[in-house]
Amino acid sequence: IFNSILGEGMASRLFQQVREQHGLCYTIYSYVHAYNDTGVFAVYTATEHKKAAKALKLINAEIARLGTDATEHEINRAVKCAKSSLLMSMESTISRARRLAYNLIDHGRYRSNDEIIEKLQAVSKKDLAHICQKILSSKSSTAKIINKD
(Lines give C-alpha, C1' and ligand atoms only; values in the text may rest on other atoms or scores of the structure.)
Protein backbone atom coordinates (compact mmCIF):
# COMPACT_ATOMS: atom_id res chain seq x y z
CA ILE A 1 0.00 0.00 0.00
CA PHE A 2 2.92 2.32 0.85
CA ASN A 3 4.56 1.58 -2.50
CA SER A 4 1.32 2.04 -4.41
CA ILE A 5 0.66 5.48 -2.95
CA LEU A 6 4.25 6.59 -3.31
CA GLY A 7 5.25 5.40 -6.74
CA GLU A 8 2.84 3.24 -8.72
CA GLY A 9 1.24 4.95 -11.68
CA MET A 10 0.51 8.46 -12.82
CA ALA A 11 -1.56 9.29 -9.73
CA SER A 12 1.31 8.41 -7.38
CA ARG A 13 2.93 11.06 -5.23
CA LEU A 14 6.33 10.72 -6.89
CA PHE A 15 4.90 11.04 -10.39
CA GLN A 16 2.83 14.05 -9.41
CA GLN A 17 5.55 15.88 -7.46
CA VAL A 18 8.80 15.07 -9.24
CA ARG A 19 7.48 14.81 -12.80
CA GLU A 20 4.33 16.91 -13.02
CA GLN A 21 4.91 19.67 -10.43
CA HIS A 22 8.67 20.12 -10.88
CA GLY A 23 9.32 18.69 -14.36
CA LEU A 24 12.49 16.95 -13.21
CA CYS A 25 12.05 13.66 -15.05
CA TYR A 26 10.12 11.79 -17.67
CA THR A 27 9.66 8.58 -15.73
CA ILE A 28 9.62 7.79 -12.03
CA TYR A 29 8.30 4.87 -10.00
CA SER A 30 8.96 2.83 -6.89
CA TYR A 31 8.93 -0.92 -6.45
CA VAL A 32 9.26 -3.60 -3.78
CA HIS A 33 10.83 -7.04 -3.78
CA ALA A 34 9.99 -8.76 -0.50
CA TYR A 35 11.45 -12.03 0.75
CA ASN A 36 11.27 -13.99 4.01
CA ASP A 37 14.32 -12.45 5.60
CA THR A 38 15.04 -9.34 3.56
CA GLY A 39 13.68 -7.10 0.87
CA VAL A 40 14.26 -4.18 -1.42
CA PHE A 41 12.33 -0.96 -1.68
CA ALA A 42 13.60 1.21 -4.52
CA VAL A 43 12.75 4.31 -6.49
CA TYR A 44 13.75 4.62 -10.13
CA THR A 45 13.85 7.81 -12.14
CA ALA A 46 15.60 9.05 -15.23
CA THR A 47 16.61 12.69 -15.25
CA GLU A 48 19.35 15.00 -16.40
CA HIS A 49 22.45 14.75 -14.24
CA LYS A 50 22.16 18.43 -13.24
CA LYS A 51 18.62 17.78 -11.94
CA ALA A 52 19.44 14.56 -10.05
CA ALA A 53 20.22 16.10 -6.65
CA LYS A 54 16.98 18.11 -6.64
CA ALA A 55 14.99 15.03 -7.73
CA LEU A 56 16.58 12.96 -4.95
CA LYS A 57 15.72 15.63 -2.38
CA LEU A 58 12.07 15.63 -3.54
CA ILE A 59 11.94 11.82 -3.48
CA ASN A 60 13.15 11.73 0.13
CA ALA A 61 10.71 14.49 1.05
CA GLU A 62 7.80 12.55 -0.46
CA ILE A 63 8.77 9.41 1.42
CA ALA A 64 8.89 11.36 4.68
CA ARG A 65 5.63 13.19 3.91
CA LEU A 66 3.79 9.95 3.19
CA GLY A 67 4.68 8.82 6.70
CA THR A 68 2.88 11.81 8.19
CA ASP A 69 0.02 12.78 5.91
CA ALA A 70 -1.39 9.77 4.08
CA THR A 71 -5.09 10.24 3.49
CA GLU A 72 -7.87 7.67 3.81
CA HIS A 73 -8.67 8.33 0.16
CA GLU A 74 -5.10 7.38 -0.88
CA ILE A 75 -5.15 4.27 1.28
CA ASN A 76 -8.56 3.19 -0.04
CA ARG A 77 -7.49 3.76 -3.65
CA ALA A 78 -4.30 1.75 -3.13
CA VAL A 79 -6.25 -1.10 -1.48
CA LYS A 80 -8.70 -1.17 -4.40
CA CYS A 81 -5.83 -1.28 -6.90
CA ALA A 82 -4.10 -4.09 -4.98
CA LYS A 83 -7.34 -6.08 -4.74
CA SER A 84 -8.00 -5.63 -8.46
CA SER A 85 -4.48 -6.70 -9.34
CA LEU A 86 -4.74 -9.76 -7.10
CA LEU A 87 -8.06 -10.85 -8.57
CA MET A 88 -7.01 -10.14 -12.17
CA SER A 89 -3.87 -12.23 -11.69
CA MET A 90 -6.11 -15.23 -11.03
CA GLU A 91 -7.00 -15.27 -14.73
CA SER A 92 -3.48 -16.35 -15.70
CA THR A 93 -2.35 -19.93 -15.08
CA ILE A 94 1.28 -18.79 -14.80
CA SER A 95 0.38 -16.11 -12.22
CA ARG A 96 -1.62 -18.62 -10.18
CA ALA A 97 1.25 -21.13 -10.21
CA ARG A 98 3.78 -18.41 -9.29
CA ARG A 99 1.58 -17.25 -6.42
CA LEU A 100 1.21 -20.81 -5.11
CA ALA A 101 4.97 -21.29 -5.20
CA TYR A 102 5.69 -17.97 -3.46
CA ASN A 103 3.12 -18.71 -0.78
CA LEU A 104 4.61 -22.12 -0.07
CA ILE A 105 8.17 -20.78 -0.01
CA ASP A 106 7.46 -17.59 1.96
CA HIS A 107 4.65 -18.74 4.27
CA GLY A 108 4.78 -22.52 4.20
CA ARG A 109 1.14 -22.60 3.12
CA TYR A 110 -1.31 -21.21 0.61
CA ARG A 111 -2.88 -17.86 1.55
CA SER A 112 -6.36 -17.33 0.14
CA ASN A 113 -7.48 -14.18 -1.66
CA ASP A 114 -9.80 -13.44 1.27
CA GLU A 115 -6.89 -13.60 3.73
CA ILE A 116 -4.74 -11.30 1.61
CA ILE A 117 -7.58 -8.83 1.03
CA GLU A 118 -8.30 -8.76 4.76
CA LYS A 119 -4.67 -7.81 5.43
CA LEU A 120 -4.74 -5.14 2.72
CA GLN A 121 -7.90 -3.60 4.18
CA ALA A 122 -6.33 -3.52 7.64
CA VAL A 123 -3.50 -1.17 6.59
CA SER A 124 -3.65 2.07 8.56
CA LYS A 125 -1.96 5.46 8.58
CA LYS A 126 0.06 4.21 11.54
CA ASP A 127 1.35 1.27 9.46
CA LEU A 128 2.44 3.66 6.70
CA ALA A 129 4.24 5.87 9.23
CA HIS A 130 6.04 2.80 10.60
CA ILE A 131 7.19 1.72 7.11
CA CYS A 132 8.32 5.24 6.33
CA GLN A 133 10.36 5.38 9.52
CA LYS A 134 12.00 2.04 8.69
CA ILE A 135 12.93 3.19 5.19
CA LEU A 136 14.33 6.55 6.27
CA SER A 137 16.25 5.20 9.28
CA SER A 138 17.61 2.06 7.62
CA LYS A 139 21.38 1.70 7.88
CA SER A 140 21.33 -0.06 4.54
CA SER A 141 19.46 2.77 2.86
CA THR A 142 21.50 4.27 0.06
CA ALA A 143 20.87 6.69 -2.74
CA LYS A 144 22.87 6.41 -5.91
CA ILE A 145 23.02 8.87 -8.73
CA ILE A 146 24.32 7.08 -11.78
CA ASN A 147 25.51 9.16 -14.71
CA LYS A 148 24.73 7.34 -17.95
CA ASP A 149 25.57 9.40 -21.01
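In this predicted model, the largest nonpolar core holds 25 residues, and Phe-2, Val-18, Ile-28 and Ile-63 are the ones that touch the most other members. The top contributor is H3, with five residues. As a bit of background, nonpolar side chains in soluble globular proteins tend to be buried together.

Ile-28 is worth a look on the structure above. Leaving aside residues up to four places away in sequence, Ile-28 touches Gly-7, Leu-14, Phe-15, Val-18, Val-43, Tyr-44, Thr-45 and Ile-59. One of these, Val-18, is listed with Ile-28 among the core residues that touch the most other members.

Next comes a pair of packed helices. H4 and H6 pack at an angle of about 165°, and their axes lie 10 Å apart. Since angles over 145 degrees count as roughly antiparallel, H4 and H6 are therefore roughly antiparallel to each other. Their crossing is right-handed. On the H4 side, the contact is made by Val-79, Ala-82, Lys-83, Leu-86 and Leu-87, which meet Asn-113, Ile-116, Ile-117, Leu-120 and Gln-121 of H6. Sorted by class, this contact has seven nonpolar residues, two polar ones and one charged one.

Finally, there is Asn-103, found in helix H5 (residues 93-107). Asn-103 counts as buried because its relative accessibility is 4%, and the cut-off for buried is under 20%. Not counting residues up to four places away in sequence, Asn-103 touches Gly-108, Arg-109, Tyr-110 and Arg-111.

Technical notes:
Residues numbered from 1 in each chain as written. Predicted model: local features only at pLDDT ≥ 70, side-chain atom pairs only at ≥ 80, totals over all residues. Heavy atoms only, no water. Core = buried A, V, L, I, M, F, W, Y, C linked by side-chain atoms within 4.5 Å. Buried < 20%, exposed > 50% of the residue type's maximum accessible area, 1.4 Å probe, protein only. Helix = DSSP H or I, 4+ residues; strand = E, 2+ residues; numbered from the N terminus. Contact = heavy atoms within 4.5 Å. Axes fitted to C-alpha atoms, helices over the stretch in contact; angles between N-to-C directions. Parallel < 35°, antiparallel > 145°, perpendicular 65-115°, else oblique. Left-handed = near helix turned anticlockwise from the far one by under 90°. Nonpolar A, V, L, I, M, F, W, Y, C, P; charged D, E, K, R; others polar.
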